[in-house]
Amino acid sequence: MSTTDLLKTLELRWKLEELRRLKSSISSTLREIELAREYLSKHADGRRIYRKLGDLIVEITREEAEEYLENAELGLKAQLSTLEEEERKLSSG
Amino acid sequence: MSTEETKPTNQENLEKMQDEIRSVLGEIEYLRQQIGVIDTTITDLRTVSETLSYMKEKGEGRSIYIPLGAGVAIKGKIESVNDLVMDVGAGLLVSATIEEVKEDLDRRINALLSLRRALLKKIEEDSRKVNELIEKVRKLGGEGRA
């Protein structure tokens, strides 16, 4: 294997590793969203709900919390599928 | 291809086992680091729990300094010891009483302790494996010299 080929292989491996790290981080955040949603549905009755905005803590309604989780989940799932597509391309190419 | 050609030599076996020992020792080191992280988290959780117990007993109406970051704090007063917010993940918090927060902290401490026990068990297993491998390497080394 020539030096150029070796470098290309290493670069590809590095890109794949980076991509998988990102995927794993997104999956953890998705799991966190799922747990937060579970908490809200089981234990949030009668409780005030807040959202972190930077260092600020702002009170929101339950509907707003659910909408926020829904949007965050959709965004992350879209990112995840983009990364999966990229992974497929890198693995086959 | 004959069997003799494919059979690994003593030297190859030795190198393979030494690699395995290095790999298991690496895992033990990683597990020890994880236990260190868990211990720090447990200490933090216990400190918060003790602070809450103190606040519950003596905090109402007390003047305190609220940290703003960078070592700076501002004077404030605790209006109600039973009005807390608790992080539930994903950037959301919910209101909770001291008792609820303490229960949640206890649950988290217990989960971490159980994870710690599992990691310690894995370290024990790995250490046993390393000792067995070292013993095998010694025997192979002896055979090689004989």
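The buried residues of α1(A) have a cover that includes β1 (49-53) and α2 (62-92) of chain A, along with β3 (84-89) and β4 (92-96) of chain B. Contact here means heavy atoms within 4.5 Å, and buried means under 20% relative accessible area, with exposed over 50% and partly exposed in between (1.4 Å probe, protein chains only). Helices (H or I, at least four residues) and strands (E, at least two) are DSSP runs, numbered from the N terminus.

Some background: this is a predicted model, in which local features need pLDDT of at least 70 and side-chain atom pairs count only at pLDDT 80 or more, while totals for chains, interfaces and linings use all residues. Residues are numbered from 1 along each chain as its sequence is written, chains are lettered from A and ligands numbered from 1 in the order in which they are written, and side-chain values use heavy atoms, leaving out hydrogens and water.

**The helix in chain A**

The buried residues of α1(A) include A:Leu16, A:Ile26, A:Tyr39 and A:Leu40. With 41 residues at 1.5 Å a residue, helix α1 (residues 3-43) of chain A should span 60 Å, which agrees with the 59 Å between its end C-alpha atoms. The expected span is 1.5 Å times one less than the number of residues.

**A serine in chain B**

B:Ser49 sits in helix α2 (residues 10-58) of chain B. Is B:Ser49 buried or exposed? B:Ser49 counts as buried because its relative accessibility is 10%. Its side chain makes a polar contact of 3.3 Å with that of B:Lys102; such a contact is a pair of N or O atoms within 3.5 Å, where, within protein, one must be able to donate a hydrogen and the other to accept it, and residues adjacent in sequence count only if both atoms are side-chain atoms. Beyond its neighbours within four places in sequence, B:Ser49 touches B:Lys102 and B:Leu105.

| Pocket | Volume | Largest share of lining |
|---|---|---|
| Largest pocket | about 720 Å³ | α2(B), six residues |
| Second largest pocket | about 240 Å³ | α1(A), five residues |

A pocket, on a 1 Å grid over the protein atoms alone, is an open set of points where a 1.4 Å probe fits, with protein on both sides within 12 Å along at least five of seven lines; lining residues have an atom within 4 Å of a point. A volume is the space filled by probe spheres set on the points, which are joined across faces, edges and corners.

The lining of the second largest pocket includes A:Tyr39, B:Asp104 and B:Arg107.
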